[in-house]
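Here are my notes on how the two parts of this chain meet. Please read them beside the model.

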There are 2 protein chains.
Amino acid sequence: MKKLINSPDTVLADALRGVAAAHPELSVDIENRLVVATEPRENRVAVISGGGTGHEPLHSGFVGPGMLDAACAGEIFTSPTPDQMLAAATRVDAGAGVLFIVKNYTGDVLNFEMAAELAADEGIETASVIVADDVAVEDSTWTAGRRGVGTTVIVEKIAGAAAAEGRTLAEVAAIAERVSKAGRSMGVALTSCTVPAVGHPSFDLPEDEMEVGVGIHGEPGRRRVPLEDARGIAHDIVTAIADDADFTGAPVIALLSGLGATPLIELYVIYADIADALSERGISVARVLVGDYITSLDMAGCSLTLVKADDEILRLWDAPVRTTALRWGL
Amino acid sequence: MKKLINSPDTVLADALRGVAAAHPELSVDIENRLVVATEPRENRVAVISGGGTGHEPLHSGFVGPGMLDAACAGEIFTSPTPDQMLAAATRVDAGAGVLFIVKNYTGDVLNFEMAAELAADEGIETASVIVADDVAVEDSTWTAGRRGVGTTVIVEKIAGAAAAEGRTLAEVAAIAERVSKAGRSMGVALTSCTVPAVGHPSFDLPEDEMEVGVGIHGEPGRRRVPLEDARGIAHDIVTAIADDADFTGAPVIALLSGLGATPLIELYVIYADIADALSERGISVARVLVGDYITSLDMAGCSLTLVKADDEILRLWDAPVRTTALRWGL
């Protein structure tokens, strides 16, 4: 295992120290493992997300004006605790309530549910939206139902923009839910990731094979197949997503994310083929992100997310945002 | 070799098609392998850079308002040609001249020199700044003198901001030169990269060793040593840079770049230790970037760049920029 770390046991704490050192505009609570935006919230809804570490920049890279008010970081591939979530809610609630954005993994869902109960006890109103957008498989190693992946980034952006406009908790939750339901994703792994505390790859993937439909923790996907070229992979992913939901007839937000160890040049190579495949299916892309947005430690590969949008969603997408990983207009 | 590509021969062309598809706000000239900003230049100085592909987002990711007017892309790890550079200069010159920002590699330097002569023949005034900031070794495989690495990103930002202010070519060249001379970098590789046309790693690096002072094309560094932890690596890099130039007594811009296959979480882990090491040396960091900015295909590792700044350089650093890889205020 070759990693820039000090010890498998201190990866999360060390990374949070790094975030604190690099980004003085963020407040990092090392004890509670929170990254919190420091701008005043002035009686508007606060938006919180969180999950296991290892998917950076998700979620801490999306904290800041126009997106998340706080991110709760669990250990690597491990849900944060209800206490952390409560600490985050207590910290950012400005009296208008808190939206929890939750990826659909059993631990995250249960813990955010408990956090909502604890928050209610403290007089903090919460709502939750669950993202379950991975079309690869129904139930998976760590989920009942579909896994939550790339659509989460888009839900976080739209919810943050809606909250910034001063909408009520019910309104912010409603549009977040609408975006969540409008998103689909699928990923392909060329290599496994290696969890630091384990010290060896999570699964074996021969030099001439790839895992189609892999999960962001290395969960098995749809099938193990011989390595394809970018055009073939693009066709597979676009077909899986577009067969699952109708993305024609409205503008689409597309997110192509590397899985952690895939360089940007390869993402652009395959994006060219993805764009062709989308065009062949009559899908019209209105906004695009290409880069590392939701990763799986040092896994090589990529995932594609499509969200069917409308004028309101596009307007909220374009609204100013200032986070370490997504920034425009501020 | 596991890569998201179609053929080793078409990586550059395919990646440029991807950039064109993802970023309609950029003009991509596939034939001449240029990425060009589309905003009007209105009689101001134009700024051009370029070099071999494989270091993305450098340079094409830095094209846009407030930074580069055009980037010339060579084949992987291969200089672009004088004809490409001339085509770029012809395309973006608005009558106030063109600044070439050149990394110090023999091919790039010679070709940009020839391009300057060709441009002069066409009545286009040019100036050039050469970046030679890698402290690892004096002469290297592909250079006479020091290699040009991460400081290039900061020179491109500052030169673009100075050009946007309407400064003359001599003035833009002067501040670019000042930034270039104020920067130092060093990198550490945990793994080799694999050039697609070669198909196997550029060098062998055993599972328990790392290359300190590696070049961005995999050139040998200072020494091959047993793998260290993040704290040790941070100490080595900071010591090498801070022993080479005095970074105390003025604000510093720090750039920590992954080399292509290192996930963001590891960069934050080592940034915590870099921040400690800088603090111990009395170096005060005013601005920080952590992410992939200058890479080496799929190499794992990182490089640190420090630029000693002043109020003017910080002001130009903070000026609005809108590129695919660096964006704020626009």
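**Notes on the domain interface**

1. Start with the contact count. In this predicted model, 38 residues of domain 1 of chain A are in contact with 35 residues of domain 2 of chain A. Domain 1 covers 11–181 and domain 2 covers 183–317. Their centres, taken over C-alpha atoms, are 22 Å apart.

2. Next, the area. The size of an interface is often given as the accessible area lost when the parts come together. Here, domain 1 and domain 2 of chain A bury about 3,000 Å² between them. Carbon and sulfur atoms give 62% of that area. On the domain 1 side, Phe77(A), Val135(A) and Ile154(A) lose the most area to domain 2. Together these three account for 19% of what that side buries.

3. Now the charged pairs. The rule finds five salt bridges across the interface of domain 1 and domain 2 of chain A. Separately, look at the side chains of Arg178(A) and Glu312(A): they meet in a salt bridge at 2.6 Å, N to O.

4. Polar contacts come next. Between domain 1 and domain 2 of chain A, 22 residue pairs are in polar contact, with both residues at pLDDT 80 or more.

5. Which helix gives the most to the side of domain 1 that touches domain 2? That is α4(A), with seven residues. α4 spans 151–164 and α5 spans 169–181 in chain A; each supplies at least two residues of this side.

6. Last, composition. The side of domain 1 of chain A that touches domain 2 has 19 nonpolar, eight polar and eleven charged residues.

Key:
Residues are numbered from 1 along each chain as its sequence is written. Chains are lettered from A and ligands numbered from 1 in the order in which they are written. This is a predicted model: local features need pLDDT of at least 70, side-chain atom pairs count only at pLDDT 80 or more; totals for chains, interfaces and linings use all residues. Side-chain values use heavy atoms; hydrogens and water are left out. Domain bounds come from an automatic or database domain assignment. Contact means heavy atoms within 4.5 Å. Buried area is the accessible area (1.4 Å probe) that two parts lose on being put together, summed over both. A salt bridge is a side-chain nitrogen of Lys or Arg within 4 Å of a carboxyl oxygen of Asp or Glu. A polar contact is a pair of N or O atoms within 3.5 Å; within protein, one must be able to donate a hydrogen and the other to accept it, and residues adjacent in sequence count only if both atoms are side-chain atoms. Helices (H or I, at least four residues) and strands (E, at least two) are DSSP runs, numbered from the N terminus. Ala, Val, Leu, Ile, Met, Phe, Trp, Tyr, Cys and Pro count as nonpolar, Asp, Glu, Lys and Arg as charged, and the others, Gly among them, as polar.
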